[in-house]
Amino acid sequence: MNVKLKARTADHVKTYWERTKDPEIRALIPIAELTFEESLQQYEESLFPGASSFGRVIYADGCYVGDVWCYGIDEREEKMAMFSFLIFEKKLWGKGIGSQAAKLFLPEVFSRYQINKMGAFTYADNLSSIEALTKAGFREVERFEEEGRMSVYLEAQRV
């Protein structure tokens, strides 16, 4: 599949917000329960200089299929950010789109921000996510239980 990252727009935020209401998606990753207005506000805040988050939308073969972003950007102390991605087009799960998007996104973030690493959390039973992160250069750091569910923390280093 031909995977490209593009700039996010308010229309993307609306589509993402609607598509991630799916219970199967919500079972795989922790997504904050936000209203559409709150989601739109977060997007708008990400556009300001010095914002603590940055994201792109993922297109596969010309169709919008998900988002990739970083948040908690800390260029001063920890020199790191947290990474996340979500493919909401379920028929495309397991096709390598997440790892391709991450491979495109990480160099952009590392060149845009003065950070040395990216962290990522996923549920331990979300094997597709762990595989996508590993293919993109993340390495497992630890496993832990949170709210009764096993989770995995991974990191990718600036190269």
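**Close-ups of a predicted model**

**View 1. D61, a loop residue with a positive phi.** D61 belongs to the loop that links β2 (53–60) and β3 (63–74). This is a predicted model, and here the phi of D61 comes out near 50°, a positive value in a residue that isn't glycine. Is D61 buried, exposed or partly exposed? Its relative accessibility is 47%, so D61 counts as partly exposed.

**View 2. K79, in the loop between β3 and β4.** Follow the chain to the loop between β3 and β4 (80–87) and you'll find K79. K79 isn't a glycine, yet its phi is positive, at about 55°. With a relative accessible area of 29%, K79 is partly exposed.

**View 3. The seven-stranded sheet.** In which order do the seven strands line up? Reading across the open sheet, you get β1-β2-β3-β4-β5-β7-β6, with mixed pairing. At the edges sit β1 (3–7) and β6 (139–146), and each of them pairs on one side only. From one strand to the next, the twist averages 30°.

**View 4. β4 beside β5.** These two strands, β4 and β5 (residues 117–123), run parallel and are joined by three bridges. To spot a bridge, look for M82: its partner in β5 is G119.

**View 5. Two helices packed on the sheet.** Helix α1 (residues 10–19) packs on the sheet and touches β1, β2, β3 and β4. Its direction makes about 100° with that of β3. Helix α4 (residues 97–112) packs on the sheet too, touching β1, β2, β3, β4, β5 and β7 (149–157). For α4, the angle with the direction of β2 is about 145°.

How values were computed. Residues are numbered from 1 along each chain as its sequence is written. This is a predicted model: local features need pLDDT of at least 70, side-chain atom pairs count only at pLDDT 80 or more; totals for chains, interfaces and linings use all residues. Side-chain values use heavy atoms; hydrogens and water are left out. Helices (H or I, at least four residues) and strands (E, at least two) are DSSP runs, numbered from the N terminus. Buried means under 20% relative accessible area, exposed over 50%, partly exposed in between (1.4 Å probe, protein chains only). Two strands pair if DSSP finds at least two bridges between them. Axes are lines fitted to C-alpha atoms, for helices over the stretch in contact, and angles run from 0 to 180 degrees between N-to-C directions. Contact means heavy atoms within 4.5 Å.
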